[in-house]
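Please open the model in your viewer and keep the sequence beside it. The tour below goes from one selection to the next and says what is found at each stop.

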Amino acid sequence: MKKQGAILRAIIMALGIFYFQDRGEIMTSPFYFKRLCVVSFLIFSITLYFADCIYAKTFTDDIGRNIEITKKPERIISLAPNITEILFFLQLGNKIVGVTDFCDYPEEAKLKTKVGWLISPGIEKIISLRPDIVFATAEGNRPEIVEELERMKINVYVMNPHNISDVLREIRAIGNITGQVDIALTGVNALTRRIDNIKKKIVAGRQKRVMYLVSIDPVISIGPGSFIHDMLTTAGGINVLSDSPIRYPRIDMEEIILKDPEVIIAPTDLIVLIDVWKKRWGGISAITHGNVYPINPDIISRPGPRIVDGLEQIYEYIHGTSKFKNQISK
């Protein structure tokens, strides 16, 4: 604040000298224009300085770390695909200077400089790109990466979403940090309206038992505490593994038959495998009635703006409004 005060006094003095000069001096005098240039430069400098001071903020990330942002970030690095999608959603594509090898959406993301794998990005590469801020994830990126970047005096904001509300909050947070507040608010409001529309429709609908498959060999599904679980329940389904003590439980064939899901949703590449196993799963309601559906795993496993696309598709599968034709032979 002392520095700000000193600069402010200097500009006031300069303005005073300029204003209270001999008013009879011809305005075309070279001295007049010299003073005009000096004052203009000081006004420009003080405007830039105070703009940064006004922007300076402290943000607390999802793991409780405080990050001091002293200027609007112009060089941004994303260390996860969902973060990259959020940045493009906020119209920040031109400020992204680095992404991971797995960041492939939207198409423009593929053209960005790659900093390495999700779990082990290259520290030296990140440093060489001179980022103003790096956005990371608590579950996707190793803690040592964040700690090393901190030691190099690089701002790192860590995200850790667990449900749909968290994802919307993350979009707003990144919008606040990057100065895209209005764009973030408009985008989140649009997503919220689509989510609310689904919630209104499921009030009158019957809930169905649903199982989402992460993998099939071994069979791994999802339990409470994951945003996929939140998506299933928000779409009007009953997760058959809602009583699981862990987020990604391994489940055997007998338990699947006992749980008897009425709808099975799985990544597209697993559908063929389920078809191969249909004889073993023949007594399951989802198989019997042909309610086995594929989904692009990216729109359900990446906690970014596209999860609302996934939510709408899950709703259609659960409530039988999808135009998709079952690929599992009965």
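Which strands and which helix do the buried residues of helix 3 pack against? They pack against strand 3 (76-78), strand 4 (96-98), strand 5, strand 6 and helix 6 (164-178), where helices (H or I, at least four residues) and strands (E, at least two) are DSSP runs numbered from the N terminus.

Before going on, note that this is a predicted model, in which local features need pLDDT of at least 70 and side-chain atom pairs count only at pLDDT 80 or more, while totals for chains, interfaces and linings use all residues. Residues are numbered from 1 along each chain as its sequence is written, and side-chain values use heavy atoms, with hydrogens and water left out.

Select helix 3 to begin. Eight of its nine residues are buried, so the helix is mostly covered, buried meaning under 20% relative accessible area, exposed over 50% and partly exposed in between (1.4 Å probe, protein chains only). The buried residues of helix 3 are P81, N82, I83, T84, E85, I86, L87 and F88. After helix 3 comes Q91, with a positive phi near 60°.

Next, select F135, which counts as buried because its relative accessibility is 0%. Leaving out residues up to four places away in sequence, F135 touches I76, I77, S78, L79, I83, L87, Y157, I174, I177 and T178, contact meaning heavy atoms within 4.5 Å. F135, Y157 and I314 are the residues with the most contacts inside the largest nonpolar core, which has 53 residues; such a core is a set of buried Ala, Val, Leu, Ile, Met, Phe, Trp, Tyr and Cys residues joined through side-chain atoms within 4.5 Å. Apart from it lies another core, of 20 residues, among them M253, I256, I264 and I274.

Now show the aromatic rings, for the structure holds three aromatic pairs. Rings of Phe, Tyr and Trp (its six-membered ring) pair if their centres lie within 6.5 Å, and planes under 30 degrees apart count as stacked, over 60 as edge-to-face and the rest as tilted. The rings of F135 and Y157 are edge-to-face, because their centres are 6.0 Å apart and their planes stand at 65°. Since F135 lies in strand 5 (residues 133-137) and Y157 in strand 6 (residues 156-159), this pair ties together parts that are 22 residues apart in sequence. Y157 is buried, with a relative accessible area of 3%. Another pair, Y293 and Y317, is stacked, because the ring centres are 4.3 Å apart and the planes are at 10°. Both Y293 and Y317 are buried.

Move on to R306, in the loop between helix 12 and helix 13. R306 counts as buried at 11% relative accessibility, and, not counting residues up to four places away in sequence, R306 touches E85, Y105, N296, D298 and I299.

Finally, select V240, in the loop between strand 10 (237-239) and helix 9 (253-259). V240 is buried, with a relative accessible area of 8%. Although V240 and M211 are 29 residues apart in sequence, they are 5.9 Å apart in space, C-alpha to C-alpha. Apart from neighbours within four places in sequence, V240 is in contact with R209, V210, M211, K259 and P261.
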